[in-house]
Amino acid sequence: MIRPATALLACALLVACRTGAPGADSALPIGSLAMAPQDAPVTVQGRVTARFDALGGWFVQDAGDGDPATPDAVFVQGPAGDAFPEVGAHVRVTGQREGTTALRAQQVTVLPTPAPAIAPLRLDAPPADWSALSGTWVRIDAPLTLTGQHERDRRGTLAASFDGRLFTPTERARPGTEAASVAAANASRRVLLDDGREDAPPDGRLWYLPETAQALRTGSVLTGVEGIVDHRHGAWRLQLTAPLQPQPASRPPAPVVDGDVRIAAFNLENLFNGDGRGGGFPTPRGARSPEALARQLKGLVATIAALDADIAALMELENDGFDAHSSIAQLVDALNAEGPARDWRFVDAGEGPGSDAIRVGLIYRQSRVRPQRAPATLGGGPFETLSRAPLAQAFVPLRDGRVDGPDFTVVAVHFKSKGCGNADGADRDQGDGQACWNAARVDSARRLRDWLAGAPTGTGDRVAIVGDFNAYGMEDPVRVFTDSGWRDPFAGRDGDAHYSFVFDGQAGRLDHLLLGPSLAARVAGAAKWHSNADEPDDMRDREAAGPWRSSDHDPLVVGLRLRGR
């Protein structure tokens with residue numbers, strides 16, 4: 001029973017009440033649902049624009065109430081056990097309002113009269129407020145850019161954006177209010193593309209992509225985007241009603257950079273080799289089986305070989321020593337077996353470096369460079385349990401087996417990640433865009449900077465710091481170095497091309513190479529190879545060979561002019 005006050009309010013909202021028609025049979029304009037009582041049955045009437053059996057309902061849209069600030073459509077759930085009406089049907093639904101975007105149906109009547117003539121609302125720019133279009137059938141005339149593989153495997157969802165791909169706010173702006181402004185702009189441009197299901201897509205296939213584009217790379221252009229505006233899991237999305245027409249982004253060739261000494265950086269995404277003898281699987285952080293390890297090694301070898309580097313700094317190596325059964329030794333063996341270069345060696349730090357389950361490492365081409373003196377490592381403070389201990393090694397360039405240029409140092413680094421587990425105090429997320437553990441990363445950067453000022457490998461400022469900072473380009477840990485005179489060879493170039501990681505549909509640089517002034521003057525070229533971050537997560541399952549998605553980070557390479565100087 002409806003209480004008198006509630007009945008009066010409901011009647012005031014109903015057009016039929018105002019015209020004197022019987023209130024019990026009158027349909028409420030969908031745009032007025034937000035004002036209807038939460039605990040009283042309401043009736044709406046309109047056209048079924050889409051049905052999603054896997055979501056447990058369908059969308060009804062009416063001809064509109066003339067108010068652009070209110071949605072003219074609603075998602076209808078149930079009734080349980082009843083067959084859903086067909087798309088295009090004219091229906092009357094009585095039920096209980098659930099929030100402002102859904103109606104739990106108690107009675108559904110398919111009317112014999114024609115449904116209102118409703119066409120998709122055409123958009124050529126993001127709306128100022130998606131909520132005003134909740135439930136609305138829309139078609140996006142502007143091309144969208146695939147900006148991330150958001151919950152693709154879990155819910156069949158991709159992230160897209162208007163006006164090109166999205167970049168991490170702190171890649172483009174200083175942490176704090178400037179980054180917040182970029183984040184707000186990103187949110188206004190972003191829309192999720194969903195498959196009308198809550199669970200994983202069958203066989204991993206997205207029905208709205210052609211068979212030839214199931215492995216669509218981030219950066220691809222999407223046209224023909226049509227669907228129903230829906231809010232689920234905390235975000236606005238389109239439940240698609242028609243297949244997309246993608247223009248796939250092409251895979252880039254391996255970069256070629258000038259210079260006679262080339263330094264690369266590559267996060268291996270947990271290279272663990274079991275016990276090194278074919279057993280010990282599944283590993284704690286890496287391959288689940290010998291077959292998975294073999295696939296991982298093929299991808300890593302293909303990547304490193306294609307970079308044509310002389311020295312490579314590696315992150316996320318298993319911290320398992322340096323004997324023939326270690327992960328680093330078996331990676332080098334695989335590189336030499338595959339070729340074309342067969343002169344790869346690794347820097348043996350004796351132990352560690354560090355006590356973490358993963359460590360950094362350095363490998364090099366012995367026909368092109370030669371290690372000088374012993375390697376140096378930095379421990380203590382955040383390098384005990386948070387950031388991985390840095391490894392520094394001095395080298396000299398070679399020509400025909402003879403020294404041909406000044407000595408220089410390469411330092412492999414891997415700072416603490418942004419995940420918030422166990423973060424406390426200053427390491428908690430400060431809300432400035434740098435996520436958790438930023439204080440630990442800043443402390444790591446300062447200690448490393450000060451340690452290198454003492455020339456632990458004897459090469460002065462001829463130093464390259466290379467690796468995964470877990471900090472984007474404008475964040476504090478990177479600025480510890482750049483504000484102290486270290487140079488970023490990627491600065492001032494095409495910033496849109498220099499991302500190395502894609503997270504939550506936003507691209508940015510977690511991987512950096514920073515140079516002391518003497519080396520910075522010798523830069524001949526710099527590039528990042530987007531062989532991984534833009535690829536779908538399951539690419540290694542699709543293609544066992546080749547470099548594509550051999551890791552979740554893109555490798556970088558910088559060329560220096562050192563020989564004959």
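Colleague: With which side chain does the side chain of Thr43 make a polar contact?

Modeller: Bear in mind that this is a predicted model. The partner is the side chain of Thr94, at 2.7 Å. Thr43 itself lies in strand S1, residues 41–52.

Colleague: Is Thr43 buried or exposed?

Modeller: Buried means under 20% relative accessible area. Thr43 has 10% relative accessibility, so it counts as buried. Beyond four places in sequence, Thr43 touches Ser26, Ala27, Leu28, Arg92, Val93 and Thr94.

Colleague: Now the largest nonpolar core. Which residues touch the most other members?

Modeller: The core has 30 residues, and Leu268, Leu271, Ile304, Leu314, Leu331 and Ile363 touch the most other members. Strands S15 (261–271) and S16 (311–318) and helices H6 (290–307) and H7 (327–338) each give two or more residues to this core. H6 supplies the largest share, seven residues.

Colleague: What is Leu268 in contact with, leaving aside neighbours within four places in sequence?

Modeller: Its contacts include Gln296, Leu300, Leu314, Leu331 and Ser550. There is also a second, separate core of 28 residues, with Ala265, Val347, Phe408 and Ala464 among them.

Colleague: How do I read a helix such as H6? Which of its residues are buried?

Modeller: An α-helix has 3.6 residues a turn, so residues three or four places apart point the same way. In H6, the buried residues include Ala292, Leu293, Gln296, Leu297, Leu300 and Ile304.

Colleague: What span should the 18 residues of H6 have?

Modeller: At 1.5 Å a residue, 26 Å; the end C-alpha atoms are 26 Å apart, which agrees. Asp308 follows H6, with a positive phi near 50°.

Key: Residues are numbered from 1 along each chain as its sequence is written. This is a predicted model: local features need pLDDT of at least 70, side-chain atom pairs count only at pLDDT 80 or more; totals for chains, interfaces and linings use all residues. Side-chain values use heavy atoms; hydrogens and water are left out. Helices (H or I, at least four residues) and strands (E, at least two) are DSSP runs, numbered from the N terminus. Buried means under 20% relative accessible area, exposed over 50%, partly exposed in between (1.4 Å probe, protein chains only). A polar contact is a pair of N or O atoms within 3.5 Å; within protein, one must be able to donate a hydrogen and the other to accept it, and residues adjacent in sequence count only if both atoms are side-chain atoms. Contact means heavy atoms within 4.5 Å. A nonpolar core is a set of buried Ala, Val, Leu, Ile, Met, Phe, Trp, Tyr and Cys residues joined through side-chain atoms within 4.5 Å. The expected span of a helix is 1.5 Å times one less than its number of residues.
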